[in-house]
Amino acid sequence: MRTSLLWKAVASGVLVAAVATAPSSAHALTTTRVDVDVRAGLAGVADQAVGVNHAIWDSQLGTPAVADLLKDAGVGMLRYPGGSYADIYHWENHTAPGGYVAPNTDFDTFMAGAQRTGAEPMIIANYGTGTAQEAAGWVRYANVEKDYDVTYWTIGNENYGNGHYGAAWEADDHADKSPKEYAATVIAYAEAMKAVDPDIKIGAVLTMPGNWPDAIVGAGDQGSWNQEVLTRAGHVIDFVDVHWYPGGGTPAETLTKPAQIQDAVWTLRQQIERYAAASAGRIRISMTETNVEVGRNTQPGALFLADVYSGLLAQGVFTVHWWNVHNGLGTVSTVAGQTDYGDYGLLSSGNCTADNAVCQPPMNTPFAPYHALSLVGDFARPGDRFIAAGSGDPLVSTHAVRRANGDVAVLMINKDPDAERTVSLNYHGFTAAAGTPTVSTYTNGADSVTTAPKGTAAAQTLPPYSISLLTLKSADAVTGAPKAPAQPTATVTDRSATISWQSTGSGLKYEVYRQNGGTAELLGETTGTSLTANNLEPGRRYTVNVVARDGSGRASAGSPPLTFTTGTPATSACTVKFRDVNDWGNGYVGQVDITNNTAAAVNGWTLTFTWPTTWQSVSSGWNATWTSSGRTVRVTSDGTLAAGGSTGVGFVGNYSGPNVLPTVFTLNGNVCTSV
């Protein structure tokens, strides 16, 4: 969405303001425990994992200086022609009516820069003012005439912002602005484009769960934007493309937002599985725009970038892109003692205010998020696999990967602007080689990343407001270890799950682990290829891995993860139906229908449930008494629920992240069947 209104000219006034930073934590003097478990595998790192946007209004697009900086940062994918401009851009004559196009920014120039960077392109076809024939012509030029082998093509940018839901920033010449029309046009584009090159991958635009207009049903629609697009066009697409600008009024608030990633990606996958049905298995997720609103060029932006890229990639998003390479001077402020130019770019645009009162550093000077990007590029390399990592301190985020040779890299982010953290690292299923490990660190206000031997594998000190990358050699040879099992499957009930996998060889024992933060809990082991885990909690999400171990004790890497959710009892004394009946993007009207399945009346009742996340709440309720304590909600009534009878209660709910609906309800202590 973000475009530069400041690229050609800068507004005459610049507000200079101090932005408050978070106070020092009371835990600053304690030791933070960090756990890393190689048995708990997460997603693998794709070649395209580290991405960034490149825009046609950027005069530095494709230049050797920029291409080399992006290559040095490990960028593996570049998106073109740039956000909302994509829906006014016509590639054949390199024009964007109503927008500014910088010289020497055409498609061939972009491709030359991408090739110099060593990055794969992602091209946005013009949905707003273009045609399927124009898009097919672009595929023909790119892959037939020029042999560029461009694989990834998205249809439009943020096309839900076309006015259908009220806000209108995205160009759209279609008379019908509905998701139904977008889906029909995606099908037409996909057919025309794949007729030219059947090997390309087509992406459709969705909304990130918890972001506007997620869950809103527009006038005349049968469902939300995501539901309509996936239901109607899921059979022709290969990936979905989302953006995430989570906001936050202060740096401290902004840096809490990455905690929403796991629920947001899980919710999006649930939507894909539900609405794309048989096609869901092949549909991947890309995140092609993200940034912050406070501290864009300073340490909050850097810390956010490192946390968000790592978090999204660990959850299987195949590529993550920062907005943008360059963007231009915005509102100037001071953040954590550093000048922030309010610039969405990774690199300085070198421009000044109209009165020259404030100027950015020279053109292409890296801002703090660039250095964070370079650390992520060194951390999450193609072929690595993320593994479980967890921290006992909310101001320390931790991510880890296992490399193909068995080495482990740990990325630690200290979000406290004032105090360092002493970290105790605990490894599970991994023994670090002797010697002082190498640590790369980026600190607040630094001009570059520093790399040096530091601390030990078990203990590190994290400077205030810093990113630290710890790289550890393995003391154990991986040669001869069993092959990792493929992703398992599961059949679940309310209290059990039978987990199955394919054999990877003879004479092996298989261990099934449940992920629990930064550690893995052994659920059981067997020489067979299935295991039933009992005593699970109803309605709970579980992530498991399978590890193969041979007779010599050598263990494989963990299998790709399987995430499943247990159900509720097939039969119960009660049934509950929970519905979101009217959503406006950060709140909704909820309806809860309760049925008494017994042969006796219930005189007075209490329904209890727990919100799945900390950012959900009840603001008011009716037809009963609603009370909340933390995440627990109690709904009480002194009325009578007749045998076989039903009653309904309602409420207004609020949310500030993905709205994961509760699925487990108890009525007078009985776990109900949820429908």
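Student: How much accessible surface does the protein have, and what share belongs to carbon and sulfur atoms?
Tutor: The accessible surface of this predicted model comes to about 25,200 Å², and 48% of that belongs to carbon and sulfur atoms, the areas being computed by the Shrake-Rupley method with a 1.4 Å probe. Because this is a predicted model, local features need pLDDT of at least 70 and side-chain atom pairs count only at pLDDT 80 or more, while totals for chains, interfaces and linings use all residues. Residues are numbered from 1 along each chain as its sequence is written, and side-chain values use heavy atoms, with hydrogens and water left out.

Student: And what percentage of the residues is buried?
Tutor: Buried residues make up 56% of the 675 residues, where buried means under 20% relative accessible area with a 1.4 Å probe and protein chains only (exposed is over 50%, partly exposed in between).

Student: What radius of gyration does the protein have, against a compact globule?
Tutor: The protein has 26 Å, which agrees with the value near 26 Å that a compact globule of 675 residues would have; the radius is taken over C-alpha atoms, and the globule rule is 2.2 Å times the number of residues to the power 0.38. Along the principal axes, the C-alpha atoms fill a box of roughly 80 × 65 × 55 Å.

Student: Switching topic, how many helices and strands are there?
Tutor: There are 9 helices and 37 strands, taken as DSSP runs numbered from the N terminus (helices are H or I with at least four residues, strands are E with at least two).

Student: Which strands make up the open sheet with E31 in it?
Tutor: That sheet has 5 strands in the order E31-E34-E29-E28-E37, with mixed pairing, and two strands pair if DSSP finds at least two bridges between them. Strand E31 (616-622) and strand E37 (673-674) stand at the edges with a single partner strand each, so one side of each is left without a neighbour in the sheet.

Student: How does E31 pair with E34?
Tutor: E31 pairs with strand E34 (residues 646-655) in the antiparallel sense over 6 bridges, and Asn654 in E34 is the bridge partner of Ser617.

Student: Now His321, is that buried or exposed?
Tutor: His321, which is found in strand E10 (residues 319-322), counts as buried at 0% relative accessibility. Leaving out residues up to four places away in sequence, His321 touches several residues, including Met77, Arg79, Glu289 and Tyr309, a contact being heavy atoms within 4.5 Å.

Student: What about Leu469, where is that found?
Tutor: Leu469 is found in strand E20 (residues 466-472) and is buried, with a relative accessible area of 1%. Among the residues that Leu469 touches are Leu375, Phe379, Val410 and Val439.
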